[in-house]
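Please look over the sequence and the model shown below. The report that follows takes up one chain and then part of another.

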Amino acid sequence: MSRIGVFVCHCGTNIGGIVNVPEVVEAAKAMPLVAYADENKYTCSEVGQGSIRDAIREQKLDRVVVAACSPRMHENTFRKTVATAGLNPYLLEIANLREHCSWVHSDSKKATAKAIDHVRMAVAKVARHESLFPKQVGLTKRALVIGGGITGIQAALDIASAGHEVVLVEKEPSVGGRMSQLDKTFPTLDCSACILTPKMVDVAQHPNITLLSYSEVKEVRGFVGNFEVDILKKAKMVDHKTCTGCGTCWQKCPEKVTSEFDLGLGQRTAIYIPFAQAVPNKPVIDMENCRYQKYLKWTQTEEGKKPPECRICEKLCPTKSIAWEQQEEIVTEKFGALVVATGFKTFDHSVYGEYGAGRYPDVISSLQLERLMSAAGPTEGEVLRPSDNTHPKNIVFIQCVGSRDDKVGRPYCSKVCCMYTAKHAIMLKEHDPEVQCYVFYIDIRAGGKDFEEFARRAQDESGAVYLRGRVSQIYQDGKTLKVLGEDSLIGRPVEIDADLVVLATGMEASEDADRLAQTLHISYNIYNFLIEAHPKLRPVETQTDGVFVAGAAVGPRDIPDCVAHGSAAAAKVIGLLSQDSLTTDPLTAIVAPMKCVGCFACKAVCPFNAIEEQTTRDGRIIASVNESLCKGCGLCVVACRPGAINLRGFTNQQLLSEVMTLVRR
Amino acid sequence: MGEDFTQQIRDKAKELLENGAVECVIGYETGSDGVSARPAFIYDAAEVDRLAFDNTCTHNLVKYLLDKKGKSTAVVVKGCDSRALNLLLSERQIQRDKVYVIGVVCPGVVEWGWNKRSEQLQKRCNWCRQHTPVVSDFAVGEPITEEPPAEFADVAEMATKTAEDRATFWRDQAERCIRCYACRQACPGCYCIDCFVELLDPEWVGIRIAPDENWMWNTIRAYHLGGRCISCNECERVCPVNIPLSLLNRKLEQEVLDLFDYKAGMSEDAPAPLITFKKDENLGIAE
Amino acid sequence: MVESDHSSKVGARTYSYYPGCSLHGTAAEYDISTQLVCQKLGIELRELEEWVCCGASAAHSTDHLLSLALPAHTLKQAEEKGLPLAVPCAMCFSRLRTTIHEIKNKDTLNLVNSAIGKELGEPVAVESMLQMLADESISLPVTKPLNGLKVACYYGCLLARPPEVVGIDDAENPQTMERLLVRLGAEAIDWGLKTTCCGAGVAFPRLDIVLKLSHRLLSLAQKSGADCVAVACPMCHANLDMYQKDMIAKFGQKTKLPVIYFTQLMGLALGFSPKELLLDKHLTDPLPMLREKELA
Amino acid sequence: MPVQNTIALKPVNDFLLFVQRHTGESITSCYQCGKCSAGCPTAYAMDITPRQIMRGIQLGLKDEVLDSSAIWLCVSCQICTLRCPREIDIAKVIESLRQLSHAEGRTHAQRDMAVLYDTFLQQVHLFGRLHEVGLGMMYNMRSMHVFNNVMRLPSLFSRGKLKLRPEIEGASEVKQIAARVKELERKPS
Amino acid sequence: MSEDNSPLVIGFLCNWCSYAGADMAGTSRQAYPPNIRIMRVPCSGRVDPLLIVKCFEEGADAVLVAGCHPGDCHYTEGNYHGRRRFALLRDLLDFMGIEKERFRIEWISASEGKRFAKVVSEFTDEMTKLGPRKVG
């Protein structure tokens, strides 16, 4: 006869405020096989856990039910608790009385009745639990970092310096991410390249890091400790082993194309490195615009004018590194942990018809201004109006473009724009003292160390005029741009003839972040930002063990936080990889040999090929489970008509007993 | 019709038994009432003359192959029975190289009883769209290739009833069920060592013979045949209390056709609908 | 009224026609040019008998139910004719479309029905004259293309907003009129105030506002290189055309900018004479400019 | 907002509740960003800008809002509604304020506007259609701006724009509609 | 049907998405009727038709199965298999007299707390209107 202990939690007033906890305890005492029931103010506290340990010993309990918050919160905590009291950690069941009961129902009587039902289900289920023993599984002590921005770089460096092998995959031809496009950084006005480039070089030279630039993750299989990842290495058409990055090719290439790195303000050649300090500092060929590729396509159809054959880069290359025959290639690698640091992209402001929808050349995004102010930028750091290359005097900044705006589906605040606009105001004054900056804002958000003081400098030293109000319209008025706003502090409409308008565009998840999240089986919200395991307690983990997330891919975040996030994710990975083996979750499937009729429906539905064929002594071929591959989804159990295969932790008996205790009243 | 088919079957059986290709030929012979057919197991070439074929040969002989695992056996199959071969082959219960199929193009089977035979075709032969065996090593009779599209008038008629009437109808059937499991014994698709209904842990269906339990038994038996039932209708034929099991089977057959465009037993390697999926299919739920 | 054969046969394009009060008053040239152009394009306009005023700003500013009831009455008349309704005046068009939008709500529908004493059925399609004539499928037999004429297309408020009610292509930067005039050979200039208000109905009580707003529009159009402004609303035309003398006095605006209904421009391109199109009726005379462009 | 006194905020803001129920718009969602005032063509001439009107409702300042000239200078051009980042239909809110102000006879801040609208409707009641010349004459008299727009008369007359005789069509229809509307509005819907 | 004959709804929620969504409904205090009793399963693909039929056989008024949106499944394919099984089962049950509306399948992600509350409220109201099970 088993002796079950039920511990009902008040969780302060979170549960006790609505659910009549003593009534639940009384009801629990009357349930079959329940030998002991008690209540705690905070069961997860040291005192609460102590009371469980003591009760297990004193009452000789062999199964425990904790009726408290969601199992997703403290199932592991309480497994450790019962384990320290000598009980197998899997002889435990959690009843959810908080998130699924007290927090969502106001009628105390009904909530209490529901709480008792939830306890009744947990007791019925735990009665059928058996002791389970996790297995040790080997793990690959290698980590994959997806995304080569500052977050990914920081994570890769930290993991590598802890002695583990890292592969850093970056979609663009060079690492550096959005930060490489910045001129200065707040709040210290450090030159972005000066603090970023050394780290980029470290990544390229670190013995433990393999940098796969111009590559993308295509497919991810397996689970924590044993991931198998297909990485697509796009065709660079340049042999980076022999290429020395001398630059002859991209200086001589005749095809000029608008540069994505310079956000359309500058140009690049068909064979190019995105920016001077690119790492790797070796070019790739843009297949769409390379004249020789156009020539090859022409030869197939022979329609239209015959384009020039070109191949100048091939002729001039001192090390003969141009490799037309190069094909894109998929490499499959094994990893123990994955870090997703795919960063962000800026909001596309052409959605705002009232700001010109991208028609007015002198209405630019803040990132474009960074390129204009950058010494390595298209104007070598001279801030010029894209329309006529003159020096702008009146510069208007508009905050919250693509943020805090339901109309464009971006109700959230992007957190960094107030800070970088203050930076722009300060820097522009340094570039040209006659400049007058106006900043249309709703609320200046400058929380954090040295941030408010920095934002104040924009007004104290640079004389920027901060106008509280959102701009309603911009229109081209001859040479200048008419900006219509309201200064809501004195309540009067205002108008400015601006030479240049800078839109502080918000932060968005990077391109097809949702597709990557689906590949990694992690969840993402409606804006495609990745969802962390717990916003406060587990910010860099995900619900999927072994997959970590960091940086702006998780939500709007500035550089200091991104670097901290990168290191945090690295710490989690290092913690994981420092173990010699992983304890696998014992909740896997198991076959009853005598019942299996060998129809292998289980094998057909298993997503992880964890079902193997085994011949019994009497010559029957039956199914057997490879427990290191099985992840406990249970699809096989439902496909098996004779019920020969069962899932530990969610057995047919356990689930049926939960249903029966609910309906048989 | 009978004489010609019978002779062909006897000759083939004789040949197979004499050259030792098979150890046993499973066919039909005239029953002790001298009128209706019954299954026959011929092990000796000399006894082939017992074999006969006429329009009372109802039984689905493929079921007996389950007891002949590993022994090469010949079996006489009609159009509907033959689909059971593909079902058992795809579920790895029989090996193709151990089975010699004598496929008879079926003229339709008549209603018969002990010592009486009517000329009226059985219900299943009216809705049958597979007179020609889908698998056969030795074909008997002219194959019929033109088959009209399937229709499910009986299912449609039941669907017109209100939910309450339908519930009451099946409750009454459940009341009459005596859980003799004859339907399970006759069905080629039921070959589990322990059927779910007999499990005591977990006790899906209580051992009590009562409407609730019977209702669950009939529902799950039908569900387990979803996408597998070849509508040979043996279950309904053998049911001692005449529960219209064909209604359940054919409802699922129609749904499987509509939802997954799948017909059971038509080929050996097409995966059954409930153990595969298409990513972007729209099944009209949770859309 | 221009005689057109009210043949009972319903032509390929036959519409009920709702001119509105101002087209029978100071905006007669918009009415006449519309009818001439439709006749030329084989579009038959059958004016609703005994149509009534739509109530305009006066109704919707003072009495919500009245502002829906008057247009509802017109909708009932059009419903009885069973033909789609063509509406040249932007205000009437906006009031009719708003009413159709609001009677989607059952309670509002019942209130309006009891107000007009009739049961409103499925409302007929209501199209502004601009939307109807700008339809790409209509072939335009241009005999005198408007070559060299730089036009600033002006929509005002009610043709562009609210987008979900009026069904404009782009509420911030519409191109419907531009596409039409380009097909007639004219050149449409890009300017930023094509949907900003001209002062609407405040001319009588607050003429100063109309002068300020309309002057802002005209000076930008001029600065953007326009030879004239094309409009599709009698109130916008009145505000932009009638007070240019005052604007010169008040703001020192250099030269006058002609303001022409887009249907008059269409008429010119389709071969009608300026006289027939009543181009001489505008206070800011467009004829000198048109003669200089050899279009008159 | 002309500061006459300190605003004593009451626990129940009836004005806010009335406007929210009457228009179905969520006034409390407005976070005072000013985009409506910025785009409003007549905001420069208003005593309180559209944003301040919304703030007035939020704080229950019924008198300041209903007695303002702002709600009468709004030309319902819908720019504010189109661009509001909180997706509030501000034009509808101000329109309902105008109707409320007109119903409570508080149009003195911009009297002429109300005179214009009342005269306009009077013309329509009389003739079924608006007679522009009639509107002009009646407005000048009732607004006591006798010489308003008079200088324009010669140029308009010479271009045959002034139709002296009103077109009378459907007048009885309009009268019946107006009567039924009055009747319906007395019974709370 | 519980004492005050308000419907008994049994919910099978997949641990990775819908159960987390239900938790999110809790943390954001999205109230919904207390009729539903929630069972946690690793995947919607683990919900066995036998369990669902057992619920109805034993007198439950309604069953809700909630899983990840197609493509989001933690086990890649779980919800795809579930979708087929439930589609077939729902038609069979409907044919046997258990109204189709009593068996509802929804895809609810970890961030859709508000939507979970809405689905449960709608479902409970619908079942209250539909009334108790007439037969069986």
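## Contacts and fold of chain E

Of the contacts (heavy atoms within 4.5 Å) in chain E between residues at least 6 apart in sequence, 77% join residues at least 24 apart. This is a predicted model, in which local features need pLDDT of at least 70 and side-chain atom pairs count only at pLDDT 80 or more, while totals for chains, interfaces and linings use all residues. Residues are numbered from 1 along each chain as its sequence is written, chains are lettered from A and ligands numbered from 1 in the order in which they are written, and side-chain values use heavy atoms, with hydrogens and water left out.

Chain E contains four helices and four strands, where helices (H or I, at least four residues) and strands (E, at least two) are DSSP runs numbered from the N terminus. Read from the N terminus, the elements of chain E follow the order β-α-β-α-β-α-β-α.

In chain E, buried residues (under 20% relative accessible area, with a 1.4 Å probe and protein chains only) account for 76% of the 136 residues.

## Domains of chain A

The bounds below come from an automatic or database domain assignment.

| Domain of chain A | Residues |
|---|---|
| domain 1 | 4-126 |
| domain 2 | 136-234 + 328-343 + 510-581 |
| domain 3 | 237-323 |
| domain 4 | 348-507 |
| domain 5 | 589-648 |

The C-alpha centres of domain 3 of chain A and domain 4 of chain A are 35 Å apart, and five residues of domain 3 of chain A contact six residues of domain 4 of chain A.

Note on methods
Buried < 20%, exposed > 50% of the residue type's maximum accessible area, 1.4 Å probe, protein only.
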